[in-house]
Amino acid sequence: MIYFDNSATTKVAPEVLATYDKVSQQVWGNPSSLNALGTQAHNLLEQARHQVASLLGVADHEIFFTSGGSEGDNWVIKGTAMAKYMHGKHLITSSVEHPAVLSTMAQLERLGFEVTYLPVDHQGRVRPADLKAALQPDTILVSVMAVNNEVGAIEPIDELADVLRAYPKVHFHVDAVQALGKGVQSLFMNDRVDFVSFSGHKFHAPRGVGFVYKKSGRKLEPLITGGGQEKNQRSSTENLPAIVGMARAMRLLLEHEDENVQQEQRVRQVIFDHISSKEKVHVFSGMGPAFAPHILTFAIEGVRGETVVHAFEHEGIYLSTTSACSSKDGAGSGTLSAMGVAPELATGVVRISLDGANTLEEAHEFNTVFDRLYEQFKMINS
């Protein structure tokens, strides 16, 4: 099996699974309980928080654990809307965000908020001038992802942050779900960024756990109220085994970040060079610094994306179409459409997403299978 669908989810690392199991078996008290077992659990929870904060270079009290990226995005956007609606009801995002952001914005529009969706250029990147032009006196939030999950475009967060320095009261949120461990941490941890959302299962932690960086002094209303966990910001008994496992996964990820990024770039380059030479193949992810090292998106003229995915699956190679959160709905690539790509190509998009464990041998095997399938598709289309 060759697994090229790491942007959808990653396999839990063996070390992380061992940590999860150990905590489940040995530290099963409720961190909110006053007894000794609760104190033991609470101390371990705070150790995990400290490790995550240290790896990002922020304070412990700025890290809040969640169930994943979607909850983090929802919390920051809706939490801002609830905290700041008396000051304004205008929000800004890009037209190529993850559904967790776009669907949340649409929900707020139905409640009377105004949302501006920034266009993107042919690479899928927001233009800072468009952000500046979109800002209004009642703007309360700007939300732009760090790395696009469909084509891997790296958004110009630094330049957007520079625009927003003149608007200190506007919340700036970055979805970094696809960006952690990809060599761009200084980008999304810019000092003008107020909130960053993360998801553990994108970097070999268990599913159902994530965290939000919330800059000290910035206010959000909680989405989940109840027991007052996470400093009254996110109630619900903490998933301690998953949180501790995620902290370990993050440490392992960042300890090996440079070598993983280099390996992903090498594997990606081998595939890019091969498929981009084909007459009927359109590659939408560039190889330059404007694109993340792990995502390579392409389409074959006249072939739907799901057809390509299932053809490769039959050969033991696992890819995806667009975002895993929308591919089963049969939706075409919203990012490609926003980039001005023709609908017949946008519905044919296929995404390869890599991990540092992927090898050059896998890349060569992919290319061999690609050639065989490409010829079959050409015969069918002719």
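Two strands are taken to pair if DSSP finds at least two bridges between them, and the helices (H or I, at least four residues) and strands (E, at least two) named below are DSSP runs, numbered from the N terminus. The model is predicted, so local features need pLDDT of at least 70 and side-chain atom pairs count only at pLDDT 80 or more, while totals for chains, interfaces and linings use all residues. Residues are numbered from 1 along each chain as its sequence is written, and side-chain values use heavy atoms, with hydrogens and water left out.

**View 1. The open sheet of 7 strands.** Its strands follow the order E2-E8-E7-E6-E5-E3-E4, and their pairing is mixed. Strand E2 (63-66) and strand E4 (114-118) are the edge strands, each pairing on one side only. On average, neighbouring strands are turned by 20 degrees against each other, direction ignored; axes are lines fitted to C-alpha atoms, for helices over the stretch in contact, and angles run from 0 to 180 degrees between N-to-C directions.

**View 2. Strands E5 and E6 with the helices on the sheet.** Strand E5 (residues 139-143) and strand E6 (residues 171-175) run parallel and are joined by 3 bridges, and Val-142 stands opposite Phe-172 in E6. Helix H4 (residues 99-110) packs on the sheet, where it touches E3, E4, E5 and E6 and makes about 155 degrees with the direction of E3; contact means heavy atoms within 4.5 Å.

**View 3. Helix H10 and its buried face.** Helix H10 (residues 257-275) has 19 residues and reaches 27 Å from its first C-alpha to its last. Among its buried residues are Val-261, Val-267, Ile-271 and Phe-272, where buried means under 20% relative accessible area, exposed over 50% and partly exposed in between (1.4 Å probe, protein chains only). Seen down the axis of H10, the buried residues fall within an arc of 165 degrees, so they line one face of the helix; the arc is that of the directions from the helix axis to the C-beta atoms. Their cover includes helix H9 (240-255) and helix H15 (360-381).

**View 4. An aromatic pair in helix H15.** Rings of Phe, Tyr and Trp (its six-membered ring) pair if their centres lie within 6.5 Å, with planes under 30 degrees apart counted as stacked, over 60 as edge-to-face and the rest as tilted. Phe-370 and Tyr-374 are stacked, at 5.8 Å centre to centre and with 15 degrees between the planes. Phe-370 is buried, with a relative accessible area of 1%, and Tyr-374 also counts as buried, at 5% relative accessibility.

How values were computed:
The expected span of a helix is 1.5 Å times one less than its number of residues.
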